Amino acid sequence: MKILKLFFIIFFIISSSNLEANMDDMKIKITKNLRCLICQGQSVYDSDSEFANSMKVLVDKKLNEGLSENQIYDYFKEKYGEWILYDPTLNKNTYILWLLPILIFLIGGAIVAKNFKLKG
Amino acid sequence: MLLSVIGHYSLVLGLCVGLVIIFFSIKNFQISEYLDVKIVSFTFLQLILVFLSFLCLILSFVFSDFSNETVFNNSHTTKPLFYKISGTWGNHEGSLLLWLLVLTLFIFLFLIKTKNQPIKYKILTLSFQQIIIIGFFVFLIQTSNPFNYIYPTPEEGLGLNPILQDPALAIHPPILYLGYVGSSIIFSSALAATCLNIISKKWASHIKKWVLISWVFLTLGIMLGSIWAYYELGWGGFWFWDPVENVSLMPWLALTTLLHCILVLEKKQVLTSWVIILSISTFTLSMCGTFLVRSGILNSVHTFANDPGRGLFILVFLFSLVLISLFVFFFFHKSNHNELNNFSWVSKETSIIINNWFMMYFLSVVLIGTVYPIFLDVLSSEKISVGPPFYHKLIVPFLIPFLLAMAIGPKLKWVKSNLNDKFSMILLLIISVLISFFILKIFEANFLINTILISSATYLFFITSRDFFIKKFNNISQNIAHFGFSLLILSILFNSLFSSEIITNLKVGETFEDSNTKIFFKSIKQKEEKNFKSIIANFNIKNSKGITENLSPELRIYNQPNIVTSEADIKTSMISDKFIVINIVQNQDYFNVRYQVKPFMLWIWLSVLLISFGGLLSLFKKKYEQ
Amino acid sequence: MNNKILKITTITIFIIIFIVFYKALQDTNIYTPKKKSNNEIPLFSAQLFNSNKQISSTELFKLDKFYLLNIWSSWCVPCRTEHSLLMDLTKNNEIEIIGLNYKDKKRNAENFLNELGNPYKKIIFDKEGINAIEWGAFGVPESFLINNGIVIKKYIGPLNKELVEEIKLLIK
């Protein structure tokens, strides 16, 4: 048991040493999360349309200005609405979206467990 | 002209035959000593009529009969023959005719191939199927007639989108439909069996081959769609959680779960409620998918023409089917409450139930993600997007216990099990964890969760590989399928972790260089093809080992319709794919170049083939044993 | 008892789903991104077309009159069709037309204006297209009717006669 604990601690230390993502990775992450509004279902990262290219330039600019990931998302949400983000933020509109699957999972678990309650 | 007339009236006749079949079925149901030959003949006649109609449509496309509105909208005289033919089902009306063809084909095959089942059951299955068939006939003739006449006859057609002129995409619909529509038989027969209360081991054995057929085709169909997206759409991705993709995945999830439950039902009289509900759900999800894609409700890369009128018809039709099935289920199904108490925690039944639990969770994630934006829009006029991050966050963590269960589950015995080879199982687990840890460390990828995920997938991989040697031919189809699945997860993981991309702007003669790669834009040349003008760029790409490869992406400027497409050049090898694509930059004399190195792409396709092969093997094994 | 509740709940859920989908069919699918905040014009600074100098948004829209910000480019086909209407609008003293040249080459843009006329009091040169994003635009052409630092109306796509009439009414 102790060995297992030690194992995990070493694990965490080594994996957290890589936590700081660099700017390029961040740019990729952000543009993958932004929707290309003139395409049919592509992210800004994947798309080569004029709009997407402008967005990429702007994301670069904002990152260089020192804005954080969330600040950049807020900026675009202000211009275009929630629709532009692929990762739905957790707000009053999306509680059900995020929580319903988890709820279903728990209900499923309860049903499975209940069926074995009678058996010792 | 003549083809359209024959095609149209075959459909009308087919509809009438459907009503005749129902009439005779009702009569036969009462005196059910033998199956009335008339019924089988009429079912065959219906099939012939639909086939004839379909043939007429194909010929209309081949001969470019532009007096037919569908042909006019979707074809062009300069289109190559192969794509003229595949254009038949590349549009809304034609694809529905294909639906009808598969519906009628499968019920006919079902009738003649089913032996050893009660006559009443066969008649009832036929009746339920006819309800679906007649519904589709009416839908087709009323709202989506492939044989509408336009006058005066245009000289030329409007052409098919060049992105759809691709071999993978040409066979993707028929294969996918064999899967989707094949599940209609499962739907009808499950309802019939519920009414007659014959859901049992014998019935499970009988229906299993239909489930397998539908499942294999659905798996292959989805794979073909992904392959097409990868090769054609030019961004190097193969799955985007696009609503239309999700809509094909949902029936697959339900069908896979159903398959597992049928495997249990074959041995013991348990999970009957699950089997019925999943049978209903699979087809319902297929129909629901049809609705979502064709009604204009969803925004996606491949929505068909937006037409709310058609959407309304499908919606009403779909919900009638759902209500009928719910009624049948609630009224006729008597579930056995003692079913589930006969086995212990550690048994095969439990692992299948856990499988059901997780699969239903995955299904709900995909369903909610796809459908929630619609609900939100209607209820509060807010528009949101639900994209890959949502699905990844909710699915990936749960894959870990799922993979582990997949590894351990098949090893358990029915009813009760004492894990005999506990020691080697745990040893393999530790080895998996260590291997994945070192892989990630060497390649400097981060995230704790990736390690655990890779460990579980590797574990499944080892267990199933080991089973090939220990168990040899026992359960080989299951082994192959599960092995394939572990390979799939591993390929996808390694592909997403170790893919790299370079995006840059280059003029002819320029070079891009970084620490690993040197890209030299060698030359460019122009060519005139039959229905497009082509610009082919030539690149020399040198990797860190000093090996140079030659890649030639292409830009195509089509005349009908006026579109520019980008054709990627992909060099595939066992280890990785090299993927390059160029795009015109508005107003500039340089091109935007995207070069990607994508490891293990080939393995992704191979593993899906393996999974299908496992299913196929199970199908033929049964035949061999009989 | 339990069973009955389950059945009724299931059927009710399906009926609700049906109604929602039915209503969804009624809506059109063209999405106009709503600007969430108040409709103030964005604060920005941009490069002028003619002089390469920077100008701020407050500078551009400082007068107490109506402005029409028109996003255009020489390579945009619908822009050509709406251009004559813009020329027509210049005759109206109540409104000043400001152009935003979107992702264009200066020479081509100049040729365009030489050919079809220049209705713009000032032109912003948005080479990268990021000024357009400041406005929440996503394509060409788009136009914004502005007064007192507020966007009164946004037009996506080319203007036509009816819309221009509407503008004329709004600026009275």
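**Exercise 1. Which way do strands S3 and S4 of chain B run, and how many bridges join them?**

Solution. The model is a predicted one.
Step 1. Locate the strands. S3 of chain B covers residues 518-528, and S4 of chain B covers residues 532-542.
Step 2. Read the direction. The two strands run antiparallel.
Step 3. Count the bridges. There are ten.
Step 4. Check one pair. Ser523(B) has Asn538(B) in S4(B) as its bridge partner.
Step 5. Look at the connection. Three residues lie between S3(B) and S4(B), and the two strands form a hairpin.

**Exercise 2. Where does Asn531(B) lie, and why is Asn531(B) classed as partly exposed?**

Step 1. Asn531(B) sits in the loop between S3 and S4 of chain B.
Step 2. Count its neighbours. There are 17 other C-beta atoms within 10 Å of Asn531(B).
Step 3. Apply the cut-offs. A residue is buried at 20 or more such atoms and exposed at 12 or fewer. Asn531(B) has 17, so it is partly exposed.
Step 4. Look further along the chain. Tyr558(B) is 27 residues away in sequence, yet the C-alpha atoms of Asn531(B) and Tyr558(B) are separated by 6.2 Å.

**Exercise 3. Describe the four-stranded open sheet of chain B and pick out its edges.**

Solution. Read the order, then the ends.
Step 1. The order is S1-S10-S9-S8, and the pairing is antiparallel.
Step 2. The edge strands are S1 (500-506) and S8 (569-572) of chain B. Each has a single partner strand, so one side of each lacks a neighbour in the sheet.
Step 3. Note the angle. Neighbouring strands are turned by 10° against each other on average, direction ignored.
Step 4. Examine one pairing. S8(B) meets S9 of chain B, residues 576-584, over four antiparallel bridges. Asp569(B) stands opposite Ile580(B) in S9(B).

**Exercise 4. What is the strand order of the five-stranded open sheet in chain C?**

Solution. Work from order to detail.
Step 1. The order is S5-S4-S3-S6-S7, with mixed pairing.
Step 2. S5 (122-126) and S7 (150-156) of chain C stand at the edges. Each has one side without a neighbour in the sheet, because each has a single partner strand.
Step 3. The twist averages 20° from one strand to the next.
Step 4. Take S3 (residues 66-72) and S4 (residues 95-102) of chain C. They run parallel and are joined by seven bridges. Asn70(C) stands opposite Gly99(C) in S4(C).

**Exercise 5. How many residues does the largest nonpolar core hold?**

Solution. Start with the total.
Step 1. This core has 219 residues. Among those with the most contacts inside it are Leu100(B), Leu103(B) and Met250(B).
Step 2. Find the main contributor. Helix H8 of chain B, residues 201-232, gives the largest share, 19 residues.
Step 3. Turn to the separate second core. It has 15 residues, including Phe521(B), Ala537(B), Phe579(B) and Tyr595(B).
Step 4. Return to Leu103(B). Its contacts beyond four places in sequence include Gln129(B), Phe136(B) and Val181(B).

**Exercise 6. Describe chain A and the side of chain A that touches chain C.**

Solution. Chain first, contact second.
Step 1. Chain A has five helices and zero strands. Of its 120 residues, 29% are buried.
Step 2. Its domain assignment gives domain 1 (22-89) and domain 2 (90-120). Their C-alpha centres lie 33 Å apart.
Step 3. The contact takes 15 residues from chain A and 14 residues from chain C.
Step 4. On the chain A side, helices H3 (50-64) and H4 (69-80) each give two or more residues. H3(A) provides the largest share, seven residues.
Step 5. By class, this side has eight nonpolar, two polar and five charged residues.

Methods: Residues numbered from 1 in each chain as written. Chains lettered and ligands numbered in written order. Predicted model: local features only at pLDDT ≥ 70, side-chain atom pairs only at ≥ 80, totals over all residues. Contact = placed C-beta atoms within 7 Å. Nonpolar A, V, L, I, M, F, W, Y, C, P; charged D, E, K, R; others polar. Domains from an automatic or database assignment. Pairing = 2+ DSSP bridges. Axes fitted to C-alpha atoms, helices over the stretch in contact; angles between N-to-C directions. Core = buried A, V, L, I, M, F, W, Y, C linked by C-beta atoms within 7 Å.
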